[in-house]
Amino acid sequence: MRTIARAQLATPYANLLSPDDWAPFPDALRWLERVVNHPTWIAALGKVPKCATPLTRAAPGADVPVAAWPPELAEMRRETDERLRRASEAARLAAAKDAACEDSTKRFFSAIPVIDVSSLCRRAAAEGSEGSEEASCASCASNASDRAAVLKTSRELADACRDVGFFYAVGHGVDATVYDGVRDAAREWFDRPLEHKSRHAITPESAGRGYQPLGANVTRHERGFARDWHEAVDVYKDFEENDPDVLAKKPLHVPNPRLTDAAAFEGALRAWRDEALRVGAEILRGIAIGLGLDDDFFARETTASDPFFVMRAIRYPPLPTTTAAAEDRADDDDAAAAETTTTTGANAHAHAHAIAAPSETDVVAAKRGDDLSKAVPISCGEHCDYGLLTLVNQDPGVRALQVKNARGEWVDAPPIEGAFVCNIGDMLELYTNGVCRSTTHRVLMPSAEEAADGRISVPFFFEPNFDAIVSPLAAFGDVHEKYATPVKYGEHLRRKIEANFETDRVTMRARES
Ligand SMILES: O=C(O)CCC(=O)C(=O)O
Ligand SMILES: [Fe+2]
């Protein structure tokens, strides 16, 4: 029988038993040895409650099965194991991050992983068992196999956040009427005359909300900016006119523009918003578990209990088939583009002429407000998302989204029927001290063959609370210089929104409309 030195028993359990008292519980003894020898046990056990009643001695030498452990001890073991699992999960990811920084092969992905999130998604899991939605909630998974499934999914999510920053989520349980319905309704709305859409145009007062015509959005880069080639409607977390924060003129706290005479579109957006909020929260719970954080980490008042979400309905017009200017531009830039990036996957050939980065001339031309039709054949320039988690509902059958790997190669993220493309944003990177990556991505102009009527996508940006202060969590080790300054999310968002437009242009458009 192994014994444990008294010194080692200076744990929260020391008051419970002397080492001899543990002798009848060999399983417990092995567990305790593991606990006291674990490098992170102090942190991990800090909050474990002390046992209320003293343990009674079993017959000496009896091999007591875990099921027969006194309930307090069994409960402590369960809690402790869970805390240790979390601590080691965070350590595992942090170690893998260090390895990845030295040799970033992990981030040399060539495809986006597909993850079945049904174990996390109440509604999906509850299908077929009427009225039992509550029973399959991930954080209260009632039986061991449910919990094991949640842990497996959570680990897959955390690995994808670390190695790729993108994943497809299937098994989310969102009904096709909602998933397809919002894109159909958006298409119908974008088909309306510009004059009609412009009635809902973004203005300096609308704080990013409203309709943005082709070319209104810009993506900035070191040489200036390039115009994105899409039209969009942006909807944010909504507020009533008489909300105290609206009355107090808190930044970005304004009502969304009402899409008058577009009840179907508004209804479809609301339905998608509700589902995206549900699925987003469930996936974030999985990511928290996989990262070794508390299950509810992203559901707290200090994090994202009341996300300041943003939702965009976007239409990307197809690549013009006979625009000599565009072809000339692509030819000019092919050589330069080849030096810095290559494209992998099925999309590479189709878009061989469509991947050039914006040239200096285009940037300058756009600055002067010259011919917008000269825009490069990228619909949305390369960028990272700002918040926690983005869920993209993309047009089936139209390939356009690309993700950059650690070699600088562009990897296709083609639509998978019924799946969301999910990607993590800057705030999750910051919380995790860079363990998770907010990965660069872009949208190519869809081909006319695949998207004669344009490509529709409806990304939902699941963000922290407006007032959340985001900084690296202790579990992810010494704070990297890059993440040293805490970020107040609302401020970060405001700066990003301002950078999304060329101010004069927006003001001008607002006056025009
Ligand atoms: O349309 C897409 O597929 C992605 C759009 C996107 O990356 C964004 O709006 O941030
Ligand atoms: Fe994005």
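Predicted model: local features only at pLDDT ≥ 70, side-chain atom pairs only at ≥ 80, totals over all residues.
How are the donor residues of the iron ion (ligand 2) spaced in sequence? They follow the pattern H-x1-D-x55-H.

## Iron site

The iron ion (ligand 2) has three named protein donors: His383 through NE2, Asp385 through OD and His441 through NE2. These donors lie 2.1 to 2.3 Å from the iron ion.

Is Asp385 buried or exposed? Asp385 has a relative accessible area of 5%, so it is buried, since the cut-off for buried is under 20%. His383 has a relative accessible area of 22%, so it counts as partly exposed. His441 is buried too.

## Strands around the donors

His441 belongs to strand β14, which spans residues 441–444. In a regular strand the side chains alternate between the two faces of the sheet.

Which strands pair with β14? Strand β9 (residues 378–383) pairs with β14 in the antiparallel sense, over three bridges. Here Ile378 stands opposite Leu444 of β14. Strand β11 (residues 401–404) also pairs with β14, again antiparallel and over three bridges. In this pairing, Val403 has His441 as its bridge partner.

## The eight-stranded sheet

Eight strands make up an open sheet. Their order is β1-β2-β13-β10-β15-β7-β6-β3, with mixed pairing. At the edges stand β1 (114–116) and β3 (210–212). Each has a single partner strand, so one side of each is left without a neighbour in the sheet. From one strand to the next, the twist averages 25°.

Within this sheet, β10 (residues 389–394) and β15 (residues 455–462) run antiparallel and are joined by six bridges. Gln394 stands opposite Ser457 of β15.

## Ala232 in strand β6

Ala232 sits in strand β6, residues 231–236. Its relative accessible area is 0%, so Ala232 is buried.

Which residues does Ala232 touch, not counting residues up to four places away in sequence? They are Phe190, Gly210, Tyr211, Gln212, Arg312, Ala313 and Ile314. The C-alpha atoms of Ala232 and Leu214 are separated by 8.0 Å; these two residues are 18 residues apart along the chain.

## Glu429 in helix α14

Glu429 lies in helix α14, residues 426–431. Is Glu429 buried or exposed? Its relative accessibility is 8%, so Glu429 counts as buried.

Leaving out residues up to four places away in sequence, Glu429 touches Gly434, Cys436, Arg437, Ser438, Lys482 and Tyr483.

## Helices α7 and α10

Two packed helices are described by the angle between their axes and the distance between the axes. For helix α7 (residues 176–190) and helix α10 (residues 263–290), the angle is about 145° and the axes are 9 Å apart. The crossing of α7 past α10 is left-handed.

Which residues make the contact? From α7 come Val178, Gly181, Val182, Ala185, Ala186 and Trp189. From α10 come Ala264, Phe265, Ala268, Leu269, Ala271, Trp272 and Glu275. Eleven of the contact residues are nonpolar, one is polar and one is charged.

Notes:
Residues numbered from 1 in each chain as written. Chains lettered and ligands numbered in written order. Heavy atoms only, no water. Axes fitted to C-alpha atoms, helices over the stretch in contact; angles between N-to-C directions. Helix = DSSP H or I, 4+ residues; strand = E, 2+ residues; numbered from the N terminus. Left-handed = near helix turned anticlockwise from the far one by under 90°. Contact = heavy atoms within 4.5 Å. Nonpolar A, V, L, I, M, F, W, Y, C, P; charged D, E, K, R; others polar. Donors = N, O, S within 2.8 Å, 3.2 Å for Na, K, Ca; no water. Buried < 20%, exposed > 50% of the residue type's maximum accessible area, 1.4 Å probe, protein only. Pairing = 2+ DSSP bridges.
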